[in-house]
Amino acid sequence: MGIYSMEAAIEAARLEEQAYGGNYSIEAEFRNFSFAPNEVVMDAGCGTGVLSRYIAEHFKVKHIDALDYSDLRLKQAKDLLKGSAKRAIHFHQQNLNELEPKFYGQYDTVICRYVIEHMKDPMLVLENLKKTLKQNGRMIIVELDGVLINLYSNHHVFNRYLEELKGKIQFDMNIGKKVPSYLKRIGLSDIEWSASLVSCQGKNLLEERDNTMKRFIALRDYFIGIFGTKERSEEFQRLYLEEMDKPENTLVFTKYVCMGKNI
Ligand SMILES: C[S@@+](CC[C@H](N)C(=O)[O-])C[C@H]1O[C@@H](n2cnc3c(N)ncnc32)[C@H](O)[C@@H]1O
C-alpha cells in the first residue's frame with residue numbers, strides 16, 4: 001500500500017506522548033476551533049487516533065471517521081479507545097493516495113495532522129481529501145516547517161551528515177509554510193493560517209530530545225537507507241543528539257495550523 005518511513009510498533013507511544021507535550025500539543029493547535037453537534041469529521045492519517053479521541057472527548061460531534069493505511073497503527077488506535085469515544089469513532093483502513101469514492105462529499109470537517117509531510121505527492125492527497133468535503137465543509141491541515149533539519153551547529157562532520165540527509169530525504173521538511181498556498185491550489189477558499197515557533201531550549205529542548213531519540217528508533221531502517229551503513233547512520237544520530245545539547249546551537253521550527261473552505 002505504499003512506503004511509510006515510521007511504521008515501527010514503538011512509534012505509537014511517541015505519537016501519543018508528543019500530542020500531550022508542549023511542542024506538538026493538540027490542545028494548543030485546536031484552541032481556536034470548535035465542532036458543532038451535527039458535524040461529521042474525518043481524521044485523515046489518524047495514527048493512534050489521538051486527535052479523534054481529543055475531539056470526541058471535548059465536543060459532541062455526530063461521528064468521526066479515522067483513516068489510516070497501517071494495520072498496526074489502527075489496531076493500536078482501537079486498543080486505546082474507551083468510553084463514549086468508542087461510539088463516536090469509526091476506524092477505516094485507507095490509503096489517502098487512493099481514497100475510495102464512498103468517502104466523497106461526506107464531511108463537514110476533514111483534518112490531516114502531521115501526515116502530508118510524509119507523502120511523496122502531498123498535492124494528490126490534498127486533492128483526494130478535498131473530494132471528501134461537503135459543500136461549505138472545511139479542511140484543517142497541521143504541518144511543520146524545519147523540524148529535524150533546522151539544527152544549526154558548526155561541527156563540520158555533523159553538518160556534512162545533515163546536508164546528506166537533506167539531499168536524500170524523500171519528504172518535504174519545509175512543507176508547513178506551503179500549506180496555505182496548496183489549499184488555494186486545490187480550490188479551497190477563505191484560507192486562514194496561524195504559525196507558532198517551537199524554540200528548543202529548556203523544557204522544549206528536553207522534550208524534543210526525547211522525541212528525536214524515539215523518531216530515530218522508528219526511522220532506523222530508513223536512515224540506514226539514507227546513510228548507506230548502520231555505522232554511518234548511528235554516527236549521524238549520536239552527533240545529532242550531542243549537537244542538540246550544546247547551548248550555543250539552535251533548533252527552531254515552525255508549526256502551521258491551516259484551514260480552507262469548500263465554498
Ligand atoms: C506522524 S503520523 C501522525 C498521526 C496522527 N495524525 C497524529 O496526529 O498523531 C502519520 C500517520 O500517517 C499514516 N499514513 C502515512 N501515509 C499514509 C497513506 N498513504 N494513507 C493513509 N495513512 C497514511 C501513518 O500510518 C501514520 O499513522
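Me: Is L74 buried or exposed?
Reply: L74 counts as buried, because 21 C-beta neighbours lie inside 10 Å. Buried means 20 or more other C-beta atoms within 10 Å of the residue's own, exposed means 12 or fewer, and partly exposed is in between, with C-beta atoms placed from the backbone.

Me: What kind of model is this?
Reply: This is a predicted model: local features need pLDDT of at least 70, side-chain atom pairs count only at pLDDT 80 or more, and totals for chains, interfaces and linings use all residues. Residues are numbered from 1 along each chain as its sequence is written.

Me: OK, back to L74. Which helix does it lie in?
Reply: L74 lies in helix α4, residues 71-80. Helices (H or I, at least four residues) and strands (E, at least two) are DSSP runs, numbered from the N terminus.

Me: What does L74 touch, beyond four places away in sequence?
Reply: L74 touches D68, F91 and Q93. Touching, or contact, means that the C-beta atoms of two residues, placed from the backbone, lie within 7 Å.

Me: And how far apart are L74 and D108?
Reply: Their C-alpha atoms are separated by 23 Å. Along the chain, L74 and D108 are 34 residues apart.

Me: Ligand next. Which residues come nearest?
Reply: G45, G47, Y69, S70 and L96 come nearest, out of 21 residues around the ligand. Near here means a C-beta atom, placed from the backbone, within 6 Å of the molecule or strand.

Me: Which helices supply at least two residues of the shell?
Reply: α1 (11-20) and α3 (50-58) each do.

Me: How does the shell split by class?
Reply: The shell around the ligand has 10 nonpolar, 8 polar and 3 charged residues. Ala, Val, Leu, Ile, Met, Phe, Trp, Tyr, Cys and Pro count as nonpolar, Asp, Glu, Lys and Arg as charged, and the others, Gly among them, as polar.

Me: Strands now. How do β1 and β2 pair?
Reply: In the parallel sense, over 5 bridges between β1 (residues 40-44) and β2. Two strands pair if DSSP finds at least two bridges between them.

Me: Which residue of β2 stands opposite A44?
Reply: L67 stands opposite A44. V40 has H63 as its bridge partner in β2.

Me: How many residues of β2 are buried?
Reply: 5 of the 6 residues of β2 (residues 63-68) are buried, so the strand is largely enclosed by the rest of the structure. β1 is mostly covered too, with 4 of its 5 residues buried.

Me: What about D65, buried or exposed?
Reply: D65 is in strand β2. D65 counts as buried, because it has 21 C-beta neighbours inside 10 Å. Leaving aside neighbours within four places in sequence, D65 is in contact with M42, H90 and H92.

Me: How do β4 and β5 run?
Reply: Parallel, with 6 bridges joining β4 (residues 107-113) to β5. T109 has R138 of β5 as its bridge partner. β5 (residues 133-145) is mostly covered, with 10 of its 13 residues buried.

Me: At what angle do helix α10 and helix α11 pack?
Reply: About 110°, with the axes of α10 (residues 220-227) and α11 (residues 230-245) 8 Å apart. The axes are lines fitted to C-alpha atoms, for helices over the stretch in contact, and angles run from 0 to 180 degrees between N-to-C directions.
Reply: α10 and α11 are therefore roughly perpendicular to each other. Angles from 65 to 115 degrees count as roughly perpendicular, under 35 as roughly parallel, over 145 as roughly antiparallel and the rest as oblique.

Me: Which residues make the contact?
Reply: F223, I224 and F227 of α10 meet K230, R232, S233 and F236 of α11. By class, the residues of that contact divide into 4 nonpolar, 1 polar and 2 charged.

Me: Last one. Where is E207 found?
Reply: E207 is in helix α9, residues 202-218. E207 counts as partly exposed, with 18 C-beta neighbours inside 10 Å. Not counting residues up to four places away in sequence, E207 touches G21, G22 and N23.
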